[in-house]
Amino acid sequence: MRVGILTSGGDCQGLNAAIRAVGKALYEKFEDDVAIFGIRDGYRGLMEGDYWEMSPRDFSGILTLGGTILGTSRQPFKEIRGPEGSQSEKVEQMKKNYKKLRLDCIVILGGNGTHKTANLLSGEGLNVITLPKTIDNDLWNTEMTFGFSSAVEIASMVIDSIHSTATSHGRVFIVELMGHKVGWLTLHAGIAGGADAILLPEIPYNIDSICRALQQRKRSGKQFSILAVAEGAISDKEAALSKKELKAQRAKMTEPSLSYRLAKEISERTGNEVRVTIPGHFQRGGSPCPYDRVLATRLGTAAAQMIQDRHFGCMMALQNQKIVPVPLGEVAGKLKAVPLDCEMIQSARDIGISFGD
Ligand code: F6P
């Protein structure tokens, strides 16, 4: 059995735990009858034939290690696929190297963009199994991705810490969190960290509603407020624009990010002193939390089982607390946004958290 393994897209906590699980489980199942090839920097390594044959040693001592021992890179799907109808050189290169290595299967660890390419390669006849990783938790058909819980811990810790300085100075703080186009990370961290307002891409905010909520808190004797703001949050005015108009408007924005614009607007309208904190890639760094270590291990060992069963063309997913295979075609290109009728949103509203709507 000859298996390739690669990690693609933004890194996150738990990648090494998953790589370890795949490797260890394959050695347990096939003993000396398996060769595992580590492909460097995601699809770049597959295109360029940059790989090495791994040994059992490579899979030891990495459970708690952040990042990925394989390296990763972003290879936008648009550039991989090439113009519609044409045969992309990059896809041909990947197929060529897969054949050259005489692989029986390739295990791909990635998020949304990665899954589009994985699905394409599967359609081209490669045996592909994927594992869902991302701090955004935005992959369709899985309740959870590894990396997410670790990022929630870090983001919540940031909001926790901001409380003391916000209280001392009686300031409004905006904590801008990652999550790309969805609000899972901000929703979880906002609730866990006790934010007073949570702004998500799924719920366009109204600046006057936010200011009213902040003034209301002040009137009730609370001198400080904390807003957890998703990097993809959007105002109601922006939500009314077309995609093209929004892009043009954001391009004109002079502030480094939405949070700074928001800070200016709040300060002008309410007279409050407003500060912005952006933990950024800190949210993706460091050791995976225990939940992610367990999830990554379960997904990785399930992938090894699929390889033994020769069940390919699927992503291992968490559904109803069980790890199950789902066809790649049902995952690729679909975004799992926070549903508006989500119980968590209602629960947050019930304790007075504003969503700015
Ligand atoms: O997809 C994971 C993620 O961390 C997003 O939350 C964020 O928008 C993006 O990656 C940042 O990308 P990069 O690491 O390329 O700056």
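How many cavities of 30 Å³ or more does a search of the whole structure find? The search finds one, where a cavity is a set of points on a 1 Å grid over the protein atoms alone at which a 1.4 Å probe fits but cannot get out. This is a predicted model, in which local features need pLDDT of at least 70 and side-chain atom pairs count only at pLDDT 80 or more, while totals for chains, interfaces and linings use all residues. Residues are numbered from 1 along each chain as its sequence is written, and side-chain values use heavy atoms, with hydrogens and water left out.

The largest cavity holds about 50 Å³ of space, a volume being the space filled by probe spheres set on grid points that are joined across faces, edges and corners. Its lining, meaning residues with an atom within 4 Å of a point, consists of Val172, Leu214, Arg217, Lys218, Lys222, Gln223, Phe224, Ser225 and Asn272. Helix α8 (residues 207–219) gives the largest share of this lining, with three residues; helices here are DSSP runs (H or I, at least four residues) numbered from the N terminus. By residue class, the lining divides into three nonpolar, three polar and three charged residues.

Helix α8 also contains Ser209. Ser209 is buried, at 11% relative accessibility, where buried means under 20% relative accessible area, exposed over 50% and partly exposed in between (1.4 Å probe, protein chains only). Leaving aside residues up to four places away in sequence, Ser209 touches Gly356 and Asp357, contact being taken as heavy atoms within 4.5 Å.

The protein chain is divided into domain 1 (2–147 + 288–330) and domain 2 (150–284), with bounds that come from an automatic or database domain assignment. Taken over C-alpha atoms, the centres of domain 1 and domain 2 are 34 Å apart, and 13 residues of domain 1 are in contact with 12 residues of domain 2.

Turning to the cysteines, a disulfide is a pair of cysteine sulfur atoms within 2.5 Å, and by this rule the count is zero. Cys289 is in no disulfide, since the nearest cysteine sulfur, that of Cys12, is 11 Å away. The sulfur of Cys342 is too far for a bond, because the closest cysteine sulfur, in Cys289, is 20 Å from it. The relative accessible areas of these two residues are set out below.

| Residue | Relative accessible area |
|---|---|
| Cys289 | 7%, buried |
| Cys342 | 11%, buried |

Conventions
On a 1 Å grid over the protein atoms alone, a cavity is a set of points where a 1.4 Å probe fits but cannot get out, and a pocket is an open set with protein on both sides within 12 Å along at least five of seven lines; lining residues have an atom within 4 Å of a point. Helices (H or I, at least four residues) and strands (E, at least two) are DSSP runs, numbered from the N terminus. Ala, Val, Leu, Ile, Met, Phe, Trp, Tyr, Cys and Pro count as nonpolar, Asp, Glu, Lys and Arg as charged, and the others, Gly among them, as polar.
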